[in-house]
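Q: I have a model open and want to go through how its parts pack. Can we start with a pair of helices and then move on to the domains?

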Amino acid sequence: MTELLAVRDLVVNYHTQRGVVRALDGVSLSIGKGEVVGLVGESGCGKSTLARAILGVLPAPASEVKAASLSFGGENLLALASADIARRIRGRRITFIPQDPYGSLNPLFTIGQQMLDLMQWKSPLAIPARRGAWPALLTRYPAARRARDRAAILEMLEAVQIPNPEQALAKLPHELSGGQRQRIVIAMALLPQPELIIADEPTTALDVTIQAQILRLLHREVKRRQVSVLFTTHDLGTAWEICDRILVMYAGQEVEAAPTAAFFAAPRHPYTARLLQSLPRADGVAQDIPGEIPSLLSPPPGCRFHPRCAEASADCRTKRPPVTGSAHVVRCYHPLDAPGEAAA
Amino acid sequence: MSDALLETRGLAHHFRLKDGRAVRAVDGVDLAVQAGEILGIVGESGCGKSTLGKTLIGVLRADDGTVIYDGAPIQNLKGPALRAVRSRLQYVYQDAGAALDPRWTIGRSLDEALVIHTKLSRAERSARVRETLAAVGLHEDQLSLYPHEISGGQQRRVGLARVLALHPRVLILDEPTSGLDVSVQATILKLLVALWRQYGLTLLFISHDLAVVRSICTRVAVMYLGRIVETGSTADLFVNPRHPYTKSLLAAVPQPGGPRVIDQAWLEGEPPDPLDIPSGCRFRNRCPMAQRRCAAEDPALRALAPTQAAACHFA
């Protein structure tokens with residue numbers, strides 16, 4: 001599988017009034033073409049920071065971004081000017097599905113207006129504006145292109161199973177159900193024909209039957225188009241449903257990465273093992289993880305999980321563990337046994 | 001079922017709109033809660049589960065039907081008699097952080113409930129607060145903190161401590177773990193079971209999360225569009241669901257390590273508009289088994305097994 005996105009040792013620090021928040025501490029991630037990668041972790045683990053760093057939308061100048069490499073489709077995103085990313089990459093080659101579609105659709109404009117507005121800027125038919133060109137707001141939207149974009153929108157609404165697409169275009173966001181709105185933003189993420197979609201917990205706000213419908217739809221459409229997806233979630237169940245591979249983060253560090261089946265069959269990091277044990281079980285109450293997630297203003301040195309880890313040794317308290325394993329990667333001095341993989 | 005601690009008969013609450021139409025959020029619910037059980041109320045958004053909880057304790061007025069607590073109807077109680085019942089029946093809100101006054105310390109929030117509902121002296125109140133604080137696993141130092149200074153999981157503990165201080169018999173928990181990370185959720189569930197045992201409580205556990213309900217409830221009631229469509233012991237209902245809605249709901253829950261839900265056939269469509277409830281069985285528009293009879297006759301909840309009942313002609 002060819003590598004589409006490669007992140008090596010990404011560090012993100014937020015400078016706040018209370019001090020430096022060490023949000024990401026050397027995270028590595030790669031996504032192949034057409035691959036769906038789940039980014040799993042609890043609140044505050046850095047999922048959103050990582051997603052935003054890739055999109056280039058971290059708040060400047062409060063955030064400090066460093067990486068050995070942050071390359072997308074062969075281009076080094078850190079070397080590009082932010083205007084260049086906005087023009088050529090964000091919203092075109094990398095698009096985004098938000099958690100709460102109601103918050104990201106404008107309540108005052110119809111679905112059709114908002115989708116055409118997107119296409120005026122980001123349609124695959126539109127050539128990215130030259131540097132220093134008039135903003136698209138001030139330029140014409142040629143009628144011929146507009147008509148073709150509209151046809152593409154209707155076709156996409158059909159693909160995401162919106163009943164009566166023509167009528168849906170005339171509706172305001174509040175006139176649609178939560179599931180319908182989520183279908184609309186999935187359509188908007190697919191319309192620019194991106195290579196990578198970053199989906200930020202797209203089914204968290206939905207009921208379980210609607211969630212199942214949306215996950216099936218998203219999975220089918222991205223696989224059909226060979227679009228890669230970075231799917232952030234705190235829900236291991238949804239990750240199991242649609243991800244090819246899973247990366248688990250804890251307090252700004254990646255702890256384990258593995259193909260989905262191998263991951264659920266035999267987690268190797270003590271944190272991920274505990275996380276899986278904390279899922280509700282049919283045969284009684286789950287086990288919790290003692291302690292709390294550390295403050296990222298003063299994170300523990302070494303492995304950030306060591307204060308809560310039963311296996312922790314002197315090394316864990318001082319040095320960040322190295323990466324071991326090939327397909328099933330774990331960052332731990334005391335990984336749990338892997339049945340299929342020889343010890344590194 | 002005459003020995004039920006809390007019982008509803010034909011309970012209804014309708015939200016009236018300005019144009020005269022009504023959302024029939026709770027529309028004829030018969031439910032008997034036995035003393036000492038953990039009864040899960042499950043259903044999707046808008047099915048009326050929170051409205052049911054609020055109508056039960058009288059926060060929302062019952063438009064029809066009765067609520068019977070300990071053998072006596074409670075809707076028409078007033079003054080001290082009402083207050084006495086209310087301190088026994090407590091509602092724990094979904095968002096404990098928002099339910100706490102941001103300008104009051106935790107200690108003051110905990111004390112207030114006792115000032116309103118009891119005649120305890122200051123020293124007795126303080127002792128009671130400390131006792132419940134310890135029961136929910138918080139430290140006395142935290143009494144002087146404000147809600148924003150503690151974590152979401154701790155805010156939920158404070159919310160629990162506030163109602164436990166009144167020594168209630170029934171707790172209605174509205175989505176007690178929604179919005180929490182799984183590891184924190186596990187901690188809160190463990191705590192709830194411990195408190196249930198320690199205080200001999202009866203719990204009504206309102207949740208949309210079937211996995212959580214399965215792990216802690218002794219019995220489950222499934223709601224759809226303002227009605228209870230199936231009840232049963234947790235063991236029976238999850239293993240052998242009888243109502244087609246319960247079946248499709250269970251089939252949609254991801255099982256890490258098991259067959260993938262997205263590869264299966266399951267419930268299509270979305271719940272109908274609660275302003276425009278279908279005739280007959282409310283589920284018939286989405287039901288794979290629907291026949292002509294379902295449009296004509298509204299199925300009643302009928303017993304199918306000693307512990308299980310479903311409202312379906314074909315269950």
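A: In this predicted model, helix 4 (residues 111-122) and helix 5 (residues 143-159) of chain A have axes that come within 10 Å. The two axes cross at roughly 120 degrees.

Q: What does that make helix 4 and helix 5 of chain A to each other, oblique or roughly perpendicular?

A: Oblique, because roughly perpendicular covers 65 to 115 degrees, and helix 4 and helix 5 of chain A are therefore classed as oblique to each other.

Q: Is the crossing of helix 4 and helix 5 of chain A left-handed or right-handed?

A: The crossing of these two chain A helices is right-handed.

Q: Which residues meet there?

A: From helix 4 of chain A, A:M115, A:L116 and A:M119. They meet A:R146, A:D149, A:R150 and A:I153 in helix 5 of chain A. By class, the contact has 4 nonpolar and 3 charged residues, with no polar ones.

Q: Changing topic. How is chain A divided into domains?

A: Domain 1 of chain A covers 3-93 + 194-331, and domain 2 covers 110-193. Their C-alpha centres lie 30 Å apart.

Q: How many residues are in contact between domain 1 and domain 2 of chain A?

A: 15 residues of domain 1 are in contact with 16 residues of domain 2 in chain A.

Q: And which helices supply the domain 1 side?

A: Helix 2 (82-89) and helix 8 (208-225) of chain A each supply at least two residues of that side. Helix 8 of chain A gives the largest share, 6 residues.

Q: What about residue classes on that side of domain 1?

A: The side of domain 1 of chain A that touches domain 2 has 9 nonpolar, 2 polar and 4 charged residues.

Terms used. Residues numbered from 1 in each chain as written. Chains lettered and ligands numbered in written order. Predicted model: local features only at pLDDT ≥ 70, side-chain atom pairs only at ≥ 80, totals over all residues. Axes fitted to C-alpha atoms, helices over the stretch in contact; angles between N-to-C directions. Helix = DSSP H or I, 4+ residues; strand = E, 2+ residues; numbered from the N terminus. Parallel < 35°, antiparallel > 145°, perpendicular 65-115°, else oblique. Left-handed = near helix turned anticlockwise from the far one by under 90°. Contact = placed C-beta atoms within 7 Å. Nonpolar A, V, L, I, M, F, W, Y, C, P; charged D, E, K, R; others polar. Domains from an automatic or database assignment.
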